[in-house]
Amino acid sequence: MRDDALLTIGALAARARLSAKALRLYDRLGLLAPAHVDEATGYRYYRAGQVERARLVALLRRLDMPLARIAEVVHADGDRSAGLLDAYWADVEARVAGQRTLVEYLRGRLTGRDSDVQGKFVVETVDVPEQVVISETRHLLAHELPSWIGASLGRLEEAARDCGGVTAAPFVAYHSDVSAESDGPAESCVPVGDEAAARGWSEERGRAWQTRVRVRVEPAGRLAYTRITKAQVAYPQILAAFGAVEEWIAARGLTVTGPCREVYFADWEAAGPQDPVCDVAFPVR
């Protein structure tokens, strides 16, 4: 059949091994527009040459690729589309690697062999000095965390230039549980060098930003922490790291004295999935 020959939606569905319902959805999303739509009947007609595009979309869906990302792949040229596929699959592998850690942790919890899981994380303590921090607090759910953490820390690090500069690794403190059902709040914090300048910034910016900003003094103390990779930061696999530190604290009879936190000490954008980027930590005494 010539590439310019017209096919009904049913004929294309049969040749591409897709349903007519799927083809209508792909049309609405701009993934696979019909070559012609009859104005009187509304029937869709496709060119025979579109069978390959339809099959490509179907194969990408078998990778559980979201439709929005499929649109990027099919509309890009050959080299760029292959690069987009590679980037998506790298994200999948990083997520699976982190989820594998969570499964091992949960298996240990369910079987009562927590010590086996705890041993996969190295927990240590570190003493930290008193710090002046500028912070931004928000109530949000787990799926909103990644974009908000990056954006809020970026805003605070920029503001720190006028507050004596960044003096230590930024961190995110959790004042209550953040999950698919619980919205925290979470607090992004950046240690700065000039408390007076920071308080002036807070008064000015607090009125302009659509969120709660403040300056506070983080007391000196001790943190129990474990270091994790970029892949392990993703929710829910990061829960395994939090659980391991909590078990370590309980086993040594220590007391948690403040909100748990994630301390981001590395360049997130430059880091690979297996690079250490974050300390999961609890203040203890």
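Visitor: What volume does the second largest pocket have?
Guide: In this predicted model, the second largest pocket has a volume of about 430 Å³.

Visitor: Which elements give two or more residues to its lining?
Guide: Those elements are β4 (123-128), β8, β9 (221-229), β10 and β11 (276-284). β9 gives the most, with 5 residues.

Visitor: How many residues line the second largest pocket, and which lie nearest its centre?
Guide: The lining has 25 residues. Nearest the centre are V128, Q131, E218, L223 and R261. By class, the lining holds 15 nonpolar, 4 polar and 6 charged residues.

Visitor: Let's pick E218. Where does E218 lie?
Guide: Look in strand β8, which covers residues 212-218.

Visitor: Is E218 buried or exposed?
Guide: E218 is buried.

Visitor: Why does E218 count as buried?
Guide: Because its relative accessibility is 10%, and buried means under 20%.

Visitor: Which side chains make a polar contact with the side chain of E218?
Guide: The side chain of R216 does, at 2.3 Å. So does the side chain of R261, at 2.7 Å. R261 is also among the residues nearest the centre of the second largest pocket.

Visitor: And what does E218 touch, not counting residues up to four places away in sequence?
Guide: E218 touches P129, E130, Q131, V133, F171 and R261.

Visitor: New topic. How much space lies in the largest pocket?
Guide: About 1200 Å³. The lining has 39 residues, and the closest to the centre are I149, V233, E262, Y264 and W268.

Visitor: Which elements give two or more residues to that lining?
Guide: They are α5, α7 (145-160), α9 (230-233), α10 (238-251) and β10 (260-264). The largest share, 7 residues, comes from α7.

Visitor: How do the residues of that lining divide?
Guide: Into 25 nonpolar, 5 polar and 9 charged residues.

Visitor: What about cavities? How many of 30 Å³ or more are there?
Guide: The count comes to 1 cavity. The largest cavity has a volume of about 30 Å³.

Visitor: Which residues line the largest cavity?
Guide: M65, R69, E72, V73, L84 and Y88 line it. By class, 4 are nonpolar, none are polar and 2 are charged.

Visitor: Which elements each supply at least two residues of that lining?
Guide: α4 (67-75) and α5 (78-111) do. α4 gives the most, with 3 residues. α5 also gives two or more residues to the lining of the largest pocket.

Note on methods:
Residues are numbered from 1 along each chain as its sequence is written. This is a predicted model: local features need pLDDT of at least 70, side-chain atom pairs count only at pLDDT 80 or more; totals for chains, interfaces and linings use all residues. Side-chain values use heavy atoms; hydrogens and water are left out. On a 1 Å grid over the protein atoms alone, a cavity is a set of points where a 1.4 Å probe fits but cannot get out, and a pocket is an open set with protein on both sides within 12 Å along at least five of seven lines; lining residues have an atom within 4 Å of a point. Grid points are joined across faces, edges and corners, and a volume is the space filled by probe spheres set on the points. Helices (H or I, at least four residues) and strands (E, at least two) are DSSP runs, numbered from the N terminus. Ala, Val, Leu, Ile, Met, Phe, Trp, Tyr, Cys and Pro count as nonpolar, Asp, Glu, Lys and Arg as charged, and the others, Gly among them, as polar. Buried means under 20% relative accessible area, exposed over 50%, partly exposed in between (1.4 Å probe, protein chains only). A polar contact is a pair of N or O atoms within 3.5 Å; within protein, one must be able to donate a hydrogen and the other to accept it, and residues adjacent in sequence count only if both atoms are side-chain atoms. Contact means heavy atoms within 4.5 Å.
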